[in-house]
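Subject: Structure for your review

Dear colleague,

Please find below the structure that I am handing over to you. I would be grateful if you would read the notes after it alongside the coordinates.

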Amino acid sequence: MYETNYHRASSVDEAARLMGDAGEGKYLAGGMTLIATMKQRLAAPSDLIDLRHIGSMKGITVNGRNVTIGAGTSHYDVASSDALKAVCPALCHLASHIGDPHVRHMGTIGGSVANDDPAADYPSAVLALNMTVRTNKREIAADDFFVGMFETALEEGEIIVSFSFEAPDKAAYQKFPNPASRYAMAGVFVAKKGSDVRVAVTGAGSNGVFRHQGMEAALKAAWAPDALAAVTVDAGMMMADIHGNSDYRANLVKVMAKRAVAAAG
Amino acid sequence: MGVEGIGARVARKEDKRFLTGKGRYVDDMKVAGMKYAVFVRSPHAHAKIKSIDVSAAKDMPGVIDVLEGKAMKEDGIGSLICGWMIHSKDGSPMNMGDWRPLAYETVRYVGDAVAIVVADSLGEARDAAEAVVVDYEVLPAVTEAVDALKPGAPQIHANAPGNQIYDWHIGDEGAVDAALASAAHVTEIEIHNNRLSPNPMEPRAALGIYDTAEDHYTCYTTSQNPHVARLVMSAFYNVAPENKLRVIAPDVGGGFGSKIYIYPEEITCLWASKKTGVPVKWTSDRTEAFLTDAHGRDHVSKVKMAFDANHRVTALKVDTTANFGAYMSLFSGAVPTYLYATLLSGQYNLPAIYANVHAVYTNTAPVDAYRGAGRPEATYLLERTMETAARELGISPAELRSINFIRQFPHQTPVIMNYDTGNFQASLDAAMAEADWAGFPARKAEAERRGKKRGIGMSCYIEACGIAPSAAVGSLGAGVGLWESAEVRVNAVGTIEVLTGSHSHGQGHETTFAQLVATRLGVPLDSISIVHGDTDKVQMGMGTYGSRSGAVGMSAIAKALDKVEVKAKKIAAHLLEASESDIVIENGELKVAGTDKSVPWFQVALSAYTAHNLPAGMEPGLKEGAFYDPANFTFPAGCYICEVEVDPDTGKTQLIQFVAADDFGNIINPMIVEGQVHGGIAQGIGQALLEGVQYDASTGQLLTASYMDYAMPRADDLPSYKVSHQTTPCTSNPLGIKGCGEAGAIGSPPAVINAITDAIGNNNLTMPATPAKVWAAMHGH
Ligand SMILES: Cc1cc2nc3c(=O)[nH]c(=O)nc-3n(C[C@H](O)[C@H](O)[C@H](O)COP(=O)(O)OP(=O)(O)OC[C@H]3O[C@@H](n4cnc5c(N)ncnc54)[C@H](O)[C@@H]3O)c2cc1C
């Protein structure tokens, strides 16, 4: 790790101000991605602005079917929230399968979504649940948020404060883990709200997380695993690496989607 | 057996310090004035070094010095060597290329060290290492051994034309060809044995301390064999004469073979300590470990097996290409020859065998022994071939093996080995009963109804441990003898220190070796300490690998105990005024047999040291040493059965059950033996399902350089194992021990792959059988 200056912010405003004063600053949340990257000397921020002590960025509120999750909420807290489980158990299930217990106690939803790793789990939930991403500057619709691999609509210094969404009628997430990293080789989040269906795919796409229109249309017509039988997943849009080629990933996307629909009931 | 003696499930004495974080590893060592080292490594797989500029790095904060390979050469530090000479079939000696600890002319793999930076802190050393400017002229690289043999492949060492290190063979090719020509059936198969990274929990580390006043060096190192390290560093690398070099391997957190070898880093830390005048410590990080720890396996073989009309194997012909990486590591020469081809007879009565082995340089990390070393490659080849043959011949895999089992001992194979004892049918029967083999068709049908593919596979392995005798291995090219030493020191109060040349890095020697002493002398386990791992304490030894510490190391202790007993009995006879031949040792007492006359053990010890009343002419003291050179290898064997269920939608394999039935000869501590079997099987399953080192074929970059891409088995990848033992005591050592350290890793990979190929009905599958590969094999992608 290169030398860096550490700052502890106690409010969102203070964090933004500290970032403004920094040369090449970075926000620090759980550090589960950032610290590892710094240790490998692949990131060299001049300043680290720690968001972990900002109380207003933590916690889950459920009002009827309206859910708000602070960006600084840990994966463990999402996984184990009874209030959230009552309205959207799929999201708890997703969080419970991220990494290992250490990672789940440190890592945060905001850090994961801001980082936008193409194999991360949360981005699929943000898209499928049509979350609104609230930052210290504005609100960003899920469909506008993810731009490409490790690339989001966030501007320099912008802080994600919270995520909000209305709980769907039915939802489920199914993930096929990479045998080595256990990130998603293919993860599919399906959600049905009224007549609307959203299907978001992570881990597999060559340009990061995406919605699959073909599957959404098929599931709008009939909400059943078999409805996906005739849908093609284009292998040309899939990632290929030492863990699996694009044909395999295209297959996994379909299999995980079917299983997600089955699990959602 | 008693509660603490041989055969008892004694909890490991060493576990308290390991489990409470009180172990002392090399990186825990701190000495006054110690500084930190970082190596500058080649980012290229193959390149000429045009220049190295260290001036900017030397000016960085905290930097003591930056040292290069040229100065090391000028100081007379030798090149690294392979300590086992192999001759090609034309009689020529192997073509060993030069391996400089710090390269200064050519780098040959990503990670090859070119300079060492010594600084006040690790961070400063890292910063300075980045400021070293090396001007490389990048050369074409080759990573696969088969490609490296092709005409026009990049040349890696000038003295190894065509990248061939040796072209070795064993057996009677004429007889094998004749048998193949007249066979009723010939099974042909190509076998790939995937390259593995050893991944000990503790990474390698070295601390070099040069003492100017005494002109003496101390080296703390993560070694499985500190005495061999001292010998090699003295005799071949000219670091220092043996009496001026102390090597200490304290607690070592796993080795699996990778810590047998002497690497550039420890030599360089010692040399750098003298150059800089400060103690120099280096600890590998995990990516350095992936890049530079010696890898294992990496064979490609073509196999032909001939059968007569009664399904008896009449001949086996094997052509193997073995990837050695960029340099010949310390034992590498022996691995695909005498540790591999000599095991190709397996458990079978095989009249004729011929094996041809091509050892090949590539631009990858050096390859050497890794848990099993050669024997897993032989077992995988043989057991995949037997399984394939059974399917082709339409008979059950158990029957085909049974028909061909060796049933009379001793048995001389056509490839050097002479098996002393065994009962292969007993292990096969035990494993099949435990696995409920007969009930498999019903389980398969039930799985089919759930849309899953069930398969079952077996593997009957034999291996050779306690590689010996010294004269025999010497005649086969070994540069060292393979005996072991022991010294039993009885203190004046009767407590005991046992000094051994074996080295424990997870095996539990502090417990098992003490159990032997407790059994022999009837003294409590707590009164016995095992001392190892320090060349100043233990005079000489050959270390721990190849499951040799029980069979060879404990046999040396048994010999030393014989001598201690003889002297103790003489003293007791004198004190009890009895005849020496009437004295027996029981429950911590020396007794006159058949009487109530006795003297406690501590009294005998005390008498030996007070020397007030010893038999006339007897020297004081009670301390005896012994060297033990075995008469033969030992031959652990067994049968493993694996049952799997494959998800046809994803290609994912789930292990339903894993049965191990092993014959390890006599067992000292069943709990420790089971632990060794469990760990070995975990590594074997890792090889079969998950692990595989991958390089980019054109650039030679390591693609699996972290756990993000190199898949290690985790607890939830593994089933609970069902382990049992069938015992035929080894006849060639006094304890009847065969060894158990590697069996799990040797026997399990073919059982897993035989099960998966059975499940999916496609035999064309290579390890690791990842979900992606299994899915492709099922769906023709
Ligand atoms: C062993 C291991 C296994 C893992 N397995 C998985 C897995 O299976 N699935 C998965 O999805 N992930 C996995 N992860 C990643 C984990 O979920 C991380 O926690 C997550 O990706 C980053 O969250 P963090 O809170 O740790 O963020 P940090 O590492 O602190 O930050 C990540 C990035 O986000 C930025 N950032 C953080 N918070 C904010 C914010 N509020 N606003 C704007 N920018 C912000 C930081 O500046 C940084 O650039 C794993 C990580 C590890 C170490």
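Predicted model: local features only at pLDDT ≥ 70, side-chain atom pairs only at ≥ 80, totals over all residues.

Residues are numbered from 1 along each chain as its sequence is written, chains are lettered from A and ligands numbered from 1 in the order in which they are written, and side-chain values use heavy atoms, with hydrogens and water left out.

Ligand site. Around the ligand there are 29 residues, of which A:Tyr27, A:Gly31, A:Leu34, A:Thr108 and A:Asp121 come nearest (a residue belongs here if one of its heavy atoms lies within 4 Å). Ligand oxygen atoms make polar contacts (pairs of N or O atoms within 3.5 Å) with the side chain of A:Thr108 at 2.6 Å, with a backbone atom of A:Met32 at 2.8 Å and with the side chain of A:Lys175 at 3.1 Å. Taken alone, the ligand exposes 970 Å², and the protein buries 89% of that (Shrake-Rupley method, 1.4 Å probe). Strand β2 (25–28) and helix α7 (109–115) of chain A each give two or more residues to the shell (helices are DSSP runs of H or I with at least four residues, strands runs of E with at least two).

Nonpolar cores. The largest nonpolar core has 177 residues, and B:Met233 and B:Tyr237 are among the members that touch the most others (a core joins buried Ala, Val, Leu, Ile, Met, Phe, Trp, Tyr and Cys residues through side-chain atoms within 4.5 Å; buried means under 20% relative accessible area, with a 1.4 Å probe and protein chains only). Helix α19 (residues 743–760) of chain B gives the most to this core, with nine residues. A second, separate core of 53 residues includes A:Val12, A:Ile49, A:Cys88 and A:Ile160.

Buried parts of chain B. Helix α7 (residues 226–235) of chain B has eight of its 10 residues buried, so it is largely enclosed by the rest of the structure. B:Met233 is one of these buried residues, which pack against β10 (216–221), β11 (245–248) and α8 (264–276) of chain B. B:Asn163 lies in the loop between α5 (145–148) and β7 (164–171) of chain B and is buried, with a relative accessible area of 0%. Leaving aside neighbours within four places in sequence, the contacts of B:Asn163 include B:Ala148, B:His157 and B:Tyr361 (heavy atoms within 4.5 Å).

Yours sincerely

Conventions: Buried < 20%, exposed > 50% of the residue type's maximum accessible area, 1.4 Å probe, protein only. Polar contact = N/O pair within 3.5 Å; in protein donor to acceptor, adjacent residues only side chain to side chain.
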